[in-house]
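Hi,

Here is the structure I promised to pass on to you. Have a look at it first, and then read my notes below.

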Amino acid sequence: MQGLLAVYRKELADHFSSYRFIILFALIAMVGFITSYMAGINLRENLGGMARPKFVFLMLFNLPGALFSLVQFVAFFGPLIGLVLGFDAINRERAQGTLIKLISQPIYRDAVINGKFLAGVTTISIMLLSIVLVISGFGLILLGIVPGMEEIWRLIVYLIISIFYISFWLGVSILFSIVFRSIATSALTSVALWIFLSFFVSMGASVLANSVAPVEDQGKANHEALIRNNHIKESVSLISPMVIYSKASAIIIDPTQNTTKSLILMGPMERLSASRFQNPLSLGQSVFVVFPHLIVLVALCFICFAVSYLVFMTQEIRT
Amino acid sequence: MNQESIIEARGLTKNYGRQTAVNNLSFHVEEGEIFGFLGPNGAGKTTTLLMLLGLSQPSKGDVRVCGLNPVRRSRDIKKLVGYLPENVGFYGDMDAVQSLKYVADLNGINGQGAMDKIHEVLDEVGLSENRTKKVEAYSRGMKQRLGVAEVLLKDPEVMFLDEPTLGLDPDGALRLIDLIQSLNSERKITVLLSSHNLYQVQKVSHRVGIMINGRMVAQGSIDELAREKFGLGDEKYTLEEIYMKYFQEV
């Protein structure tokens, strides 16, 4: 335990004093400011004199119809935070000859990797929490609205999902830093995996869906082909953690998101009636809907960590 | 097993795939002595040290360090044994005190006691004046002495020093060897000194072991080895002559 704490404290101090942390924090803070400011201005203009819609506070984080929001930004670039914090966790120590010194101290070997992982998770949590708090404060000043209890709970759930999502990528990069001796290789491999899973999987999903269940003409295509096409596309794109995370966070942050919507099945009249009777989901229902997503993210996170653990514990360390 | 030996290895073997790095190695180190561990590069010296610490699992054989089995009690052994690896590394952006503080934390030495201890060991290795300098600005000799300081922090019973004088200038090497000698005589620390610098080993070691191609070809005091190889004689042989003789035979 004492070893774990020592490594944890040292790593945390390293993170907070490192340039990469400052740069990342500045970047995400800037994006947070800009998106929430734009959302706030937009809301103030559009809502002037009108009855306040439900969950207006959450719109600061994800304004429906906005080009870019904090929630989307975290889905796209959040992984980069995890990768940057972890890609050289073990192999830098190996390269500078401190790893052997570390494990020849009277600590368990897993204290090294646990301490590093926990320090990374703490850094990520502090980063996200402070951004969410700053944006909330921003919203209070800009819009003069106070978040309701349910909105606060939703933000907390959102934070938890985001922390697990980014921690998964931290785990990936730590795994690569154990497997690859060279820092450049581990950095490039983790970035490549991130790009592949975040951008290419959804592209590949539509290609695959179109080749397996082709839909020639939207107008007269039969329903079954459409359903199959859509089904394949959705299940393949679920390989990507980004898709899972985006769905989960969108449902949590935007309660009016109609989660059972499959517009493709609805005619224009049905669509109209559906939108007319759209009511926000209750928090419990939202959590219920995203529960599988959350479980998958947590599981991914743990699998990744478990693999790194196994590799690290059985590896022979000489330098 | 011999109760008095602080390190005792019997039939120690380590295979990497089909390659044998350490082959049926048996030796012992007595408490309070400096044991010179000689051998060319790649003879398996470092592998042996790692097995003694429990950082590497032996394929065969039995080891006891301070009466403990490294396969099961690695963590307890690491409390008693300080290991200075070959080419020891440091976090360049820390100064000596910060480096030592981290090692103290890892060893569970906390509070004011830790700071007192840190200044004490810095004095002992002669780095007090440079204690606030960043380690990346240290010379190689200073780094090695800082490495020794880190080892001393835990008050070890045994020190494993892996090629401590490698790449040092003659003056730095001499200071380090003197330091090792004084630690052995004053603090009564048993030292296992791995090196291929025969002159330095001869200067400080009570007994030596010569390891070639994973085998321990000879062990004993320098006089014993000389007698064994050259027969009875009055003339003194240097370790170099003995070593070369063994080396040519293999």
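Thr13(B) stands opposite Lys60(B), a residue of strand S4 of chain B. Please keep in mind throughout that this is a predicted model. The two strands in question, S1 (residues 5-16) and S4 of chain B, pair in the antiparallel sense over five bridges. They belong to an open sheet of three strands in the order S2-S1-S4, with antiparallel pairing. Its edge strands are S2 (19-30) and S4 (60-65) of chain B, each of which pairs on one side only. From one strand to the next, the twist averages 15 degrees. Helix H1 of chain B lies across S1, S2 and S4, and runs at about 120 degrees to S1(B).

H1 also brings us to the other chain. Between the two chains, 21 residues of chain B are in contact with 18 residues of chain A. On the chain B side, the elements that give two or more residues are helix H1 (45-53), helix H2 (70-80) and H3. Of these, H3(B) gives the most, with four residues. By residue type, the side of chain B that touches chain A divides into eleven nonpolar, six polar and four charged residues.

Next, helix H9 (residues 239-249) of chain B. Which of its residues are buried? They are Leu239(B), Ile242(B) and Tyr243(B). Seen down the helix axis, the buried residues of H9(B) fall within an arc of 95 degrees, so they line one face of the helix. The face turned away from that buried side carries Glu240(B), Met244(B) and Gln248(B), which are exposed. The cover over the buried residues of H9(B) includes strand S3 (34-38), helix H7 (198-204), strand S8 (207-212) and helix H8 (222-230) of chain B.

Most residues other than glycine have a negative phi. Asn87(B), however, is not a glycine and has a positive phi of about 50 degrees. Asn87(B) sits in the loop between strand S5 (81-84) and helix H3 (96-106) of chain B, and counts as partly exposed because it has 16 C-beta neighbours inside 10 Å. Lys188(B), also not a glycine, has a positive phi of about 60 degrees. Its place is the loop between helix H6 (170-186) and strand S7 (190-195) of chain B. With 10 C-beta neighbours inside 10 Å, Lys188(B) counts as exposed.

Best wishes

How values were computed
Residues numbered from 1 in each chain as written. Chains lettered and ligands numbered in written order. Predicted model: local features only at pLDDT ≥ 70, side-chain atom pairs only at ≥ 80, totals over all residues. Buried ≥ 20, exposed ≤ 12 C-beta atoms within 10 Å, placed from the backbone. Arc of directions from axis to C-beta. Contact = placed C-beta atoms within 7 Å. Nonpolar A, V, L, I, M, F, W, Y, C, P; charged D, E, K, R; others polar. Pairing = 2+ DSSP bridges. Axes fitted to C-alpha atoms, helices over the stretch in contact; angles between N-to-C directions.
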